[in-house]
Amino acid sequence: MVRLPRLTRSRRRRSGNSPASLRLRLRVKQPQDARSGLTLFELVVALFVLTTAMVAIVQLLAVAASQRRTIDQRRVAMTEVANQAERIALLPWSKLSPDESSTWDLSAEFRKTLPQATTTMEIREEAEPVKSRRIRLIVRSPNTVGQPIDLADLTVWKFAPGDEP
Amino acid sequence: MRHSRPAGKSLIEMLVMISILSIVLGLSATSLATLFRLRHTITRDTEQARSIERLAMRLRTDAHEADSAAVAEDCNLTLPSGRSIRYSYTAPRIVREVRGGEKIVHHDSFSLPRHTKVIFQSEQLGMGSLLRIIIEPETTKLPPRELPRAARIEAAVGIHGALATSRRQP
């Protein structure tokens, strides 16, 4: 149980009433000249917070869009090298010359999605464990700061006729 | 005599507040609409990419094992075991049916987005034939972002393990 502080006789004389009337009087004495609203400082802080949040969201969206574009480019590059690997599988053994780098005919979708990409096909001779040719297909494209990055890297082995596992 | 000013907001304050709120609400609504549209596009593209990847893997495995391929409106592969595999397009999916004689022993489907056109092709190349499935958007009046992605899957027929692959994640 909460007890109100007892008023001394002099204070009671000054107030002339019970503690309840004292609380009422104190409430009445609240200053009325303070206007409710926002100060300039509060407004500046609110605008700063809002601006920071908006900038963060915009940056996040930009990063998400960039990541999505990169994933899409990788998908197109992987499809391209996988298709080229199938073409290589059908080529006769004599048509694949080792120790040289070359490129191949690119699809329209690849040229549209990755106009700046470069493609390389490296062929190396391998004798062990079976006679084969190691063919490496690489797709490189410059990133946003101009540095070349590997979007796809696929290695296939074509076995010599009669040496297929 | 002291006059106390009434507590509350002036008309200017109210107008400024309403303007700021309108701008904030407008930006939020636009951002949310963009995010929802982006989510829809990403989901559709991811599903299409996954479906095409699965289809490419299946088609290449089947084509490598096949003895021959016949392509018209659909694609029929004949396996050495006597079974045949048929790939056909029934919008909006590519259906793969494995038949043992007249009986369908396995059925598989690969979903594609709406407004997609699928073309089966075959080309004679080097020592054999190259099977090709072209997936491209139908010519419609839809905006470019609504159209499905184009893709081309190629598979060598009858190479029977003449090629080993190793894919490295760059």
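**Close-up 1. W93(A) is partly exposed in this predicted model.** The residue has 16 C-beta neighbours inside 10 Å. Buried residues need 20 or more such neighbours, and exposed ones have 12 or fewer. W93(A) therefore counts as partly exposed. Its place is in the loop between helix 3 and strand 1 (100-102) of chain A.

**Close-up 2. W93(A) touches A160(A) and P161(A).** These contacts leave out residues up to four places away in sequence. F159(A) also belongs in this view. F159(A) and W93(A) are 66 residues apart along the chain. Their C-alpha atoms are separated by 8.3 Å.

**Close-up 3. The largest nonpolar core has 47 residues.** Which residues touch the most other members? From chain A they are A77(A), V81(A) and A85(A). From chain B they are L59(B), A63(B), I153(B) and A156(B). Helix 3 (residues 40-90) of chain A gives the most to this core, with 9 residues. In soluble globular proteins, nonpolar side chains tend to be buried together.

**Close-up 4. V81(A) is in contact with L137(A), V139(A), A152(A) and L154(A).** Neighbours within four places in sequence are left aside here. V81(A) is also among the core residues that touch the most other members.

**Close-up 5. Strand 1 and strand 2 of chain B form a hairpin.** Strand 1 covers residues 68-71, and strand 2 covers residues 75-78. How many residues lie between the strands of this hairpin? There are 3. The strands run antiparallel, and 4 bridges join them. Find A70(B): it stands opposite N76(B) in strand 2 of chain B. In a regular strand the side chains alternate between the two faces of the sheet.

Terms used:
Residues are numbered from 1 along each chain as its sequence is written. Chains are lettered from A and ligands numbered from 1 in the order in which they are written. This is a predicted model: local features need pLDDT of at least 70, side-chain atom pairs count only at pLDDT 80 or more; totals for chains, interfaces and linings use all residues. Two strands pair if DSSP finds at least two bridges between them. Helices (H or I, at least four residues) and strands (E, at least two) are DSSP runs, numbered from the N terminus. A nonpolar core is a set of buried Ala, Val, Leu, Ile, Met, Phe, Trp, Tyr and Cys residues joined through C-beta atoms within 7 Å. Two residues are in contact if their C-beta atoms, placed from the backbone, lie within 7 Å.
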